[in-house]
Amino acid sequence: AWKKFSVKEFKTKEDFEKEVVRHVETTLARSIFNCDESAAYNGTALAFRDRLVIEWNKTQQQQTYADQKRVYYLSLEFLMGRALDNAMLNVGMKDVAKDGLADLGFRMEDVISQERDAALGNGGLGRLAACFLDSLATLNYPAWGYALRYRYGIFKQEIVDGYQVEVPDYWLDFNPWEFPRHDVTVDIQFYGGVRKIKNEAGKTVSVWENGEIVTAVAYDAPVPGYGTSTTNNLRLWSSKASHGEFDFTKFNSGEYEASVADQQRAETISAVLYPNDSLERGKELRLKQQYFWCAASLFDIVRRFKKSKKAWSEFPNQVAIQLNDTHPTLAIPELQRILIDVEGLEWDEAWSIVQKTFGYTNHTVLPEALEKWSVPLIQHLLPRHLQIIYDINLNFLTYVERNFPKDRDLLGRVSIIEESQPKMVRMAYLAVIGSHKVNGVAELHSDLIKTTIFKDFVKIYGPDKFTNVTNGITPRRWLHQSNPRLSKLIASKLGSYEFLSDLTLLHKIEAYVDDKAFRKEFQDIKFANKVRLANFIKEAQGITVNPASLFDVQVKRIHEYKRQQLNIFGVIHRYFEIKEMSPAERKKVQPRVSIFGGKAAPGYWMAKTIIHLVNQVGKVVNNDPEIGDLLKVVFLEDYNVSKAEIICPASDISEHISTAGTEASGTSNMKFVLNGGLVIGTCDGANIEITREIGEENIFLFGNLAEDVEDLRHAHFYSEFKMDPMLQRVFDEIRSGVFGDAGQFSALVNSIVEHGDYYLVSDDFKSYIDTHKLIDEAYKDQETWLTKTITSVARMGFFSSDRCIDEYAEMIWNIEPVKPTSNG
Ligand code: 26M
């Protein structure tokens, strides 16, 4: 009977308005008479949240009852963006809410944009995790995400005098989407020592003791699926002082300050997301974050398993844990520790459970990005784990030696411990050894890990331990939400929105590629999206751009390997080319807007220099009366998920131009093509598979291939190298001071001219410029261009994260969906 007392449903706009007013007046304790946009947002969010939590509770109950294997996605980053629009899409009733808000005097778009992004991630890796959660729920897989509840997400970027300035992102003032679970806590130990004792059975066991304790508190957020009532859970851990530590003795004995300091030290663990795409090498706090999160999550998972009273051998049949990069690798020794030290299993039995439980996804082959932690630091912070890591290594090396007795150097090469000064733990090797499957994120990348960083492990374990799962994106956010008009146009032709749950259905729009009305609407939509972006650029950066220009976009984290410097050098080249033209020649130039966006890691000086150069070039070009609309250069401040939702539907060309072999996959390439933009790109990451799917006539590929990179790098040092004359001209202009004090840019120019051009900018420059020429010409033929874009959209079905999650489920996790039933 209690089921009947569910929350108030709203069916009409009047019901909805009542719910908003009720929440504003009671939950928020505000007068409805000074209800501003922010209050309207909160009221709307709470009204939809009520609907969501009912489904959420039901899902959790049904999944427990189903008693099937669950997957736990361990990721230090979930770049979720805004939640309200997605909640409305999944609950339904957005139209009702829109009418209701209109009655109350608000526009839906304004209310939606009140929400701050949940920016708990750096870039592609964190956004991939968010897309995966969306697909897991949509496909009814029983799945939980585990992460940290950072008080500060990725910093906000401001551009001051052309330089990046970082501003803290304090986002938790009021977050209607999170539910504190003050009753779900785990005490986590750090430091201390290990003692061997004999237990009651006479067996020698290790006890880790006398450490510091910090408490993990769970905060849960609902993750709704599309077209299903399945609502999964994202659990974020927050750190606070354990009761022992905020000590009443200290408090009473006048050491008030000391006890508060203890508390603050504990809270520091979950305070801030590390803003590096790369690593905060050796930072103790980062290692503390990793262990704190792994230990809390594993305790939670083991606690849930133990409730079932099943035998330990059943653990891998109930639990799959996916490691998103090496950040959660400590979960491997932690589970081994729980099984042998706490639960009393024998080493071999425990280790077999561990290996069957974990899967590891690698996201980069760049050597400088591979995680290593110093042995002394781990010894200090996690003494028992270091012992276990050494034991894992000993067993592994013994096995290798027995099977490959003739290869003398092999042991040193594959050892988890690097024999450096100090010794280092190679986290990627530990992750490979402790998992049953290792996957890369696009075909080329998955091949590369087998021939480079994990070559020896392929020899040891055989090739079947390694597999590929090409990344994908959720069409709910990256088509329907970001481009509602295109989604509607597609639905009108396919007869329903089913393509949002089965993106391969998109192929059917290829039948309309010659349909006049369809083409016109498709083109109008692109133009309207460009107008929307042009307005945004005007508002945000004060720059006027003509939406009839070709919009050329590169938005992603700033890295030398992603080669924004190649792009801006190309822009400089274009600028001087136009300057030298006669008026008659200028008439034939295709007007362009070059749009950049992205954050540099705060300590990555070269990346910051690239941002500065883009801004300096913009200042010169945009104010040059000779140039006018022929070229504009925009650096869009503070690129994030919600801005990507405006930018991706508005590009004509987007740039994915990494040095071949360096970008593991890329995912924004998929977003741009799915929204009717074309790509200029290198043969790298998922660009290769995008080409295979959409056809090579529909993409602008350029540059050297991954297989030639090594020789080309070598050639910069060991043979007579002739700098490309067009690029030389660009460098001469920069050095002349046209874009401000040349000294600012000397390190950037010299990295290419003097220090070996590691990312091969000079080798690819001509090919890049020539390809942009082709793009200019192709764009002038609007009909052919339109055909390319429509055809490409129709062929993007493969890149749904739904396909990707089904592949993980089958090849790595061995899990089945739990179909929701209508009665809990
Ligand atoms: C850091 C500093 C200097 C140069 C490179 C790095 C660096 C590169 C990659 C650090 C970490 C990296 O890997 C983590 C990561 O975010 N990888 C991204 O994962 C996405 C999802 O799979 C892929 O789409 C991106 O291609 C990949 O870069």
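**Domains, confidence and packing in a predicted model**

In this predicted model, the protein is divided into domain 1 (1–66 + 84–114), domain 2 (67–82 + 117–470) and domain 3 (528–799). The centres of domain 1 and domain 3, taken over C-alpha atoms, are separated by 42 Å.

Q: How do you know what confidence the predictor places in the protein and in the complex?
A: On a confidence scale from 0 to 100, the mean pLDDT of the protein is 95, and 97% of its residues reach 70 or more. For the complex, the predictor gives an ipTM of 0.95 and a pTM of 0.97.

Q: What makes residues 1–7 a stretch to be read with caution?
A: Over residues 1–7, pLDDT stays under 50, and the model has four contacts beyond four places in sequence for them. Where pLDDT is low, the predicted coordinates should not be read in detail.

Q: What describes the packing of helix H1 and helix H4?
A: Helix H1 (residues 13–27) and helix H4 (residues 94–103) pack with their axes 8 Å apart, at an angle of about 65°. The crossing in which H1 passes H4 is right-handed. Lys13, Phe16, Glu17 and Val20 of H1 make the contact with Val96, Ala97, Asp99, Gly100 and Asp103 of H4.

Q: Why is one residue of the contact of H1 with H4 counted as polar?
A: The contact residues divide into four nonpolar, one polar and four charged.

Q: Why are E7 and E18 called edge strands?
A: The open sheet has nine strands in the order E7-E10-E11-E4-E1-E12-E13-E17-E18, with mixed pairing. Strand E7 (179–190) and strand E18 (466–468) each pair on one side only, and they are the edge strands. Neighbouring strands of this sheet are turned by 25° against each other on average, direction ignored.

Q: How do you know that strand E10 and strand E11 pair?
A: Pairing requires at least two bridges, and eleven bridges join strand E10 (residues 212–224) to strand E11 (residues 231–241). The two strands therefore pair, and they run antiparallel. One of the bridges has Val214 with its partner Ala241 in E11.

Q: Which helices pack on the sheet, and which strands do they meet?
A: Helix H9 (residues 284–307) lies across strand E1 (70–74), strand E4 (143–148), E7, E10, E11 and strand E12 (319–324), and runs at about 115° to E7. Helix H17 (residues 443–451) packs on the sheet and touches strand E17 (437–440) and E18. The direction of H17 makes about 165° with that of E18.

Definitions and conventions. Residues numbered from 1 in each chain as written. Predicted model: local features only at pLDDT ≥ 70, side-chain atom pairs only at ≥ 80, totals over all residues. Domains from an automatic or database assignment. Contact = placed C-beta atoms within 7 Å. Axes fitted to C-alpha atoms, helices over the stretch in contact; angles between N-to-C directions. Helix = DSSP H or I, 4+ residues; strand = E, 2+ residues; numbered from the N terminus. Left-handed = near helix turned anticlockwise from the far one by under 90°. Nonpolar A, V, L, I, M, F, W, Y, C, P; charged D, E, K, R; others polar.
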